[in-house]
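The exercises below are meant to be worked through with the structure in view. Each one sets a task and then gives a solution in steps.

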Amino acid sequence: VVSVTANGQPARFSLGPKHSFKGTPLEITLPFDLSRGQHVIVEVTYETSPSATALQWLTPEQTAGKKHPYLFSQCQAHHCRSMIPCQDTPSIKHTYYAQVSVPKDLVTVMSAVRDGQEVDPQDSGRIIYRFRQTVPMPSYLIAIVAGALESREIGPRSRVWSEKEFVDKAAFEFSETEAMLKTAEELAGPYVWGQYDVLVLPPSFPYGGMENPCLTFATPTLLAGDKSLSGVIAHEISHSWTGNLVTNKTWEHFWLNEGHTVYLERMIGRCLESEQFRQFKAIGGWKDLQDSVNTFGANNPLTNLVPSLQDVNPDDAFSSVPYEKGFALLYHLEEQLGGPEVFMGFVKSYIQRFAYSSVTTEEWKNYLFAYFKDKVDILNKVDWNAWMFTPGMPPVKPQYDTTMADACNALSQRWLQAKDQDLNSFKQSDVKTLSSHQVIEFLSLLLQEDPLPLTHVKKMQEVYDLNAYMNAEIRFRWLRLCVRSRWEEVVPLALKMATDQGRMKFTRPLFREVFNFEKFRDEALRVFLAHRAGMHPVTSGLVSKDLKVDV
């Protein structure tokens, strides 16, 4: 921080002691007394550092085009403070306006509406882009990208942005965006953010998607060529209501963002596909929850729906729990209170009641009881303490419709029960008749059991040629299955996938899987250390913990 002024007058400021993950407090003393309601303009002149945790600076070699550098930010949960001096808590909302100067070969976009551009008066080799976000939002949703970007129109209020190498593929993959937006509006109310663009990032982006307002960030691992992974876009669209409009007041209440967003995402799936599809997705989500509970341990308080995060880094607490335990609670309430139409009425009303504000679980629950005032006897039968403040799996497992899952269950059981002499009964048609979603489910089921014999996975490759699948969700599960069965030739493929892209959902388990294969533990470490410098700072930090590397 270079200097601070308040209404143009110099203001005293001090930086306090650095906290391990919260950063350094900045305290500003105003040079005048304030009267109630008086407006103050505080101006902080500062620069970020190359190691700011919100930012990843990619060299040209780390991009698809290989010619220009690239910058992107990821502020959630608490990294905005490394990029902008701000009150970095989701309990506070603000509008923002920005001007960004970049070299003229590059384009910059932000989580706001584009508001014009001009040649930089200070340097004719640069362009200034302007942005305006008029809807109040929390700091974690401020986002910026600069790179050799191109865009294509994909709807009346949507464009897709990426490097030119991905842009047509992305335009195809996300062509159903407007249909999803319209469906979401019918379910949740008007879309208030104006533009809804999608930006496809370079492969090191650590998440599947990030719901930055006006500009959803998406991983290139969604570009499967068959639109089968567009559920991530349905999820990010849903955040325009649950998360961005109604926001968790602290990260302990993260399930209010994610549980409701998964619920809305699956309601969009119900409208655009079928109720059976929604049920099928819910079954997969329950499995993801079981995986998270197994990874953290069934007694780990981080598996509470509402964990205590006192002195816990929110990055360390990130898992499927707020998403899938949250969804399971909402689905359980839907079943108890009268079905999807009735419960969706509550969700829409909750969004309208708390729009533009930040909420706690207590406020959500009080509103639920007020909305269903004639069904309080049903609500009082819910074991709220077990659902919210008890670790492990939920107290009730919903009865999902298994129609679409039955084929996956049957096929996985055949493989689990097959003896060596039965292996010739498997045919390519076993998987050719399944959708991508069902192949993912089939592999997920096998991952929940003891490892298959090596003979079986080799036969599976021979018959189904799973190595040829480029769908990242399928490939990720298939490679883990092979490593677990100790297929040595697959280890390099698993490590390649772990480093060719940096989505933590894939990278962390792949590294862990190879690390747990004793013979290749050192190889996992060697590959991680060789790639660490090019990884996103949050990803490399968490993989370091997984592999017990001293940072």
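**Exercise 1: Charges over rings**

Find the ring over which the charged end of Arg486 sits, and do likewise for Arg521, bearing in mind that this is a predicted model.

Solution. Begin with Arg486, whose charged end sits over the ring of Phe517, at 4.5 Å from the ring centre. Then turn to Arg521, whose charged end sits over the ring of Phe515, 4.0 Å from its centre.

**Exercise 2: Aromatic pairs**

Classify the pair of Phe205 and Tyr207 and the pair of Phe318 and Tyr323 by the angle between their planes, and decide whether Phe318 is buried, partly exposed or exposed.

Solution. A pair of aromatic rings is described by two values, the distance of the centres and the angle of the planes. Counting pairs whose ring centres lie within 6.5 Å gives 34 aromatic pairs in the model. One of these is formed by Phe205 and Tyr207, with 6.4 Å from centre to centre and 70° between the planes; because planes over 60 degrees apart count as edge-to-face, this pair is edge-to-face. Both Phe205 and Tyr207 are buried. For Phe318 and Tyr323 the centres are 5.9 Å apart and the planes stand at 90°, which again makes an edge-to-face pair. Phe318 has 32% relative accessibility and therefore counts as partly exposed.

**Exercise 3: Where domain 3 meets domain 4**

Describe how domain 3 and domain 4 meet, going from their bounds to the contacts and the area buried between them.

Solution. First, locate the two parts: the domain assignment places domain 3 at 245–400 and domain 4 at 404–547, and their C-alpha centres lie 29 Å apart. Next, count the residues that take part, which are 13 from domain 3 in contact with 14 from domain 4. The area buried between the two domains is about 1,100 Å², and carbon and sulfur atoms give 60% of that area. Of the area that domain 3 buries against domain 4, Phe280, Lys287 and Asp315 supply 47%, more than any other three residues. Finally, look at the polar side: there are two salt bridges between domain 3 and domain 4, and four residue pairs in polar contact. The side chains of Lys545 and Asp316 meet in a salt bridge, with 2.9 Å from N to O.

Definitions and conventions: Residues numbered from 1 in each chain as written. Predicted model: local features only at pLDDT ≥ 70, side-chain atom pairs only at ≥ 80, totals over all residues. Heavy atoms only, no water. Phe/Tyr/Trp six-rings, centres within 6.5 Å; stacked < 30°, edge-to-face > 60°. Buried < 20%, exposed > 50% of the residue type's maximum accessible area, 1.4 Å probe, protein only. Lys NZ or Arg CZ within 6 Å of the ring centre and 35° of its normal. Domains from an automatic or database assignment. Contact = heavy atoms within 4.5 Å. Buried area = accessible area lost by both parts, 1.4 Å probe. Salt bridge = Lys/Arg side-chain N within 4 Å of Asp/Glu carboxyl O. Polar contact = N/O pair within 3.5 Å; in protein donor to acceptor, adjacent residues only side chain to side chain.
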